[in-house]
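Here is a short report on selected features of one protein chain. Please look over the sequence and the structure before reading on.

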Amino acid sequence: MKRILMACSQYWGSPLRVGSHQIARILAQDGWQVAYVSFPISPAHLFGPRDQTRLKDRFAVYRAGGIHAEGGNLWAYVPGSVAVPANKPLLKSGWVHKNWHRLAFPPILDRIRQNGFGSVDVMYFDSVYFNFLLDGIGARQVVYRAADDPKLRDTYCPAVGREQEALVKAADVVLYPSLGVKKGIDPGDPEKFRYFSNGVVFDDYAAQAELPPEYAQIPRPRAVFAGAIVEWLDFQALNQAAEALPGVSFVYIGPLLPPAKKIARHQNVFLLGEKGYHQLPGYLQHADVGLMPFDMNKYPELVGGLNPAKLYQYFACGKPVVASDWREIREMGLPLFLSRDPGHFANSIKAAIANPGDPEKYIRIARANDWGLKVRELFQGLGQVLQV
């Protein structure tokens, strides 16, 4: 029975279901024993915004000593430490980034070993804060999935860069979702690098879902954005479109982080907040167009490295997608309605609603990017040790 230890940013059970969650889920379903360890909590989280720290849910996992899921094949744990790495005075020091685990209670390595993961076939990272595992846990192969370029995040500090450099050097395989992300990583040995884009669990979106209750009061056509309201959204394009198209309902689904205050509150704008993962298909299926509005002018490097999972979620529901125009998305050659500038965004939405294209074509693209296909192909191709 193969074992994998996954060191990840997002905790297991987070409503923000990311690629590492899907990888863990699929491997567990295929019979792997999976340990999923996520970013630690600390007393400092008591003073942070609840919708960002998720402290209540994460503390429950910590207090329980970890939880089991996926028929018992997956053990998930949130460590607790006196101090954790952050881009703040003292916490951004190299010592904290390397040694925060020494301030944890109970000791993280002991907890991992007690649950049967003292030695594993694969050690997987999507976070640069767990390099101590490289010396503390035996692994036959190390995989680093660089989901984005950490230099473009507000959490970045020089210690993060040093830890990523060390992780790239130690890894046997480095996965990247876009050329933009690959460009931001020290290439090291080019033979290590492998393209691995985002995807969708197609079956989660294939079954017909009921009309969400809020939609009874939100008229069609509905243009939906599903995801966190973050700084690099193109708020100018969104606000201009909502004003120019008063007959279109603009629906936002996701955590209402501080940047949400930049959304103009027109009568046809609806902020529904965060929804559970299994609720999301209903909101997309009963919409008319999916939106991917990113501010390429203000955040060219960050947007240039995006390969959004929401693209495949929209397609899995048979919906046309209106997206900002950046090189990576353009060169994918997909049937998208691309918008060159904020003023063009409304026209693209109008065109997508009037002539949405072939839903079956969108669905076929989503099916070809199913997470199950991607994960099994990846692990079968990593060598004899990783074959499933």
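## A buried glutamate and its partner

Glu 163 is buried, since its relative accessible area is 5% and the cut-off for buried is under 20%. The model is predicted. Glu 163 pairs with Lys 98 through a side-chain salt bridge, with an N to O distance of 3.1 Å. This pair links distant parts of the chain. Lys 98 belongs to helix 4, while Glu 163 belongs to helix 7 (residues 158-170). The two residues are 65 residues apart.

## Other salt bridges

Side chains of opposite charge can pair when their charged atoms come close. In this model the count of salt bridges is 13. One of them joins Arg 140 and Asp 121, at 3.7 Å from N to O. Arg 140 sits in strand 6 (residues 138-145) and Asp 121 in strand 5 (residues 119-125), so the bridge ties together parts 19 residues apart in sequence.

Asp 325 and Arg 330 form another salt bridge. Their closest N and O atoms are 2.9 Å apart. Asp 325 counts as partly exposed because its relative accessibility is 22%. Arg 330 also counts as partly exposed, at 43%.

## Helix packing

Helix 10 (residues 235-244) packs with helix 15 (residues 342-354). The angle is about 50 degrees, and the axes are 8 Å apart. Helix 10 is therefore oblique to helix 15. Their crossing is right-handed.

Helix 13 (residues 309-316) packs with helix 16 (residues 359-368). Here the angle is about 130 degrees, with the axes 7 Å apart. Helix 13 and helix 16 are therefore oblique to each other. Helix 13 passes helix 16 in a left-handed crossing.

## Helix 1

How many residues of helix 1 are buried? Ten of its eleven residues are, so helix 1 (residues 19-29) is mostly covered.

Just after helix 1 comes Gly 31. Gly 31 takes a positive phi of about 100 degrees.

## A nonpolar surface patch

Which residues make the nonpolar surface patch? Val 82, Trp 95 and Leu 103 do, and the patch covers about 300 Å². Leu 103 lies in the loop between helix 4 (94-99) and helix 5 (108-114). Leu 103 counts as partly exposed because its relative accessibility is 32%.

## A loop alanine

Where does Ala 209 lie? Ala 209 is in the loop between helix 9 (202-206) and strand 9 (222-226). Ala 209 is partly exposed, with a relative accessible area of 22%. The C-alpha atoms of Ala 209 and His 278 are separated by 9.7 Å. Along the chain, Ala 209 and His 278 are 69 residues apart.

How values were computed. Residues are numbered from 1 along each chain as its sequence is written. This is a predicted model: local features need pLDDT of at least 70, side-chain atom pairs count only at pLDDT 80 or more; totals for chains, interfaces and linings use all residues. Side-chain values use heavy atoms; hydrogens and water are left out. Patches are made of residues with over 30% relative accessible area and no salt bridge: like charges are joined within 9 Å, nonpolar side chains (Val, Leu, Ile, Met, Phe, Trp, Tyr) within 5 Å. Accessible areas come from the Shrake-Rupley method with a 1.4 Å probe; for residues, only the protein chains shown count as cover. A salt bridge is a side-chain nitrogen of Lys or Arg within 4 Å of a carboxyl oxygen of Asp or Glu. Helices (H or I, at least four residues) and strands (E, at least two) are DSSP runs, numbered from the N terminus. Buried means under 20% relative accessible area, exposed over 50%, partly exposed in between (1.4 Å probe, protein chains only). Axes are lines fitted to C-alpha atoms, for helices over the stretch in contact, and angles run from 0 to 180 degrees between N-to-C directions. Angles under 35 degrees count as roughly parallel, over 145 as roughly antiparallel, 65 to 115 as roughly perpendicular and the rest as oblique. A crossing is left-handed if the near helix is turned anticlockwise from the far one by less than a right angle, and right-handed if clockwise.
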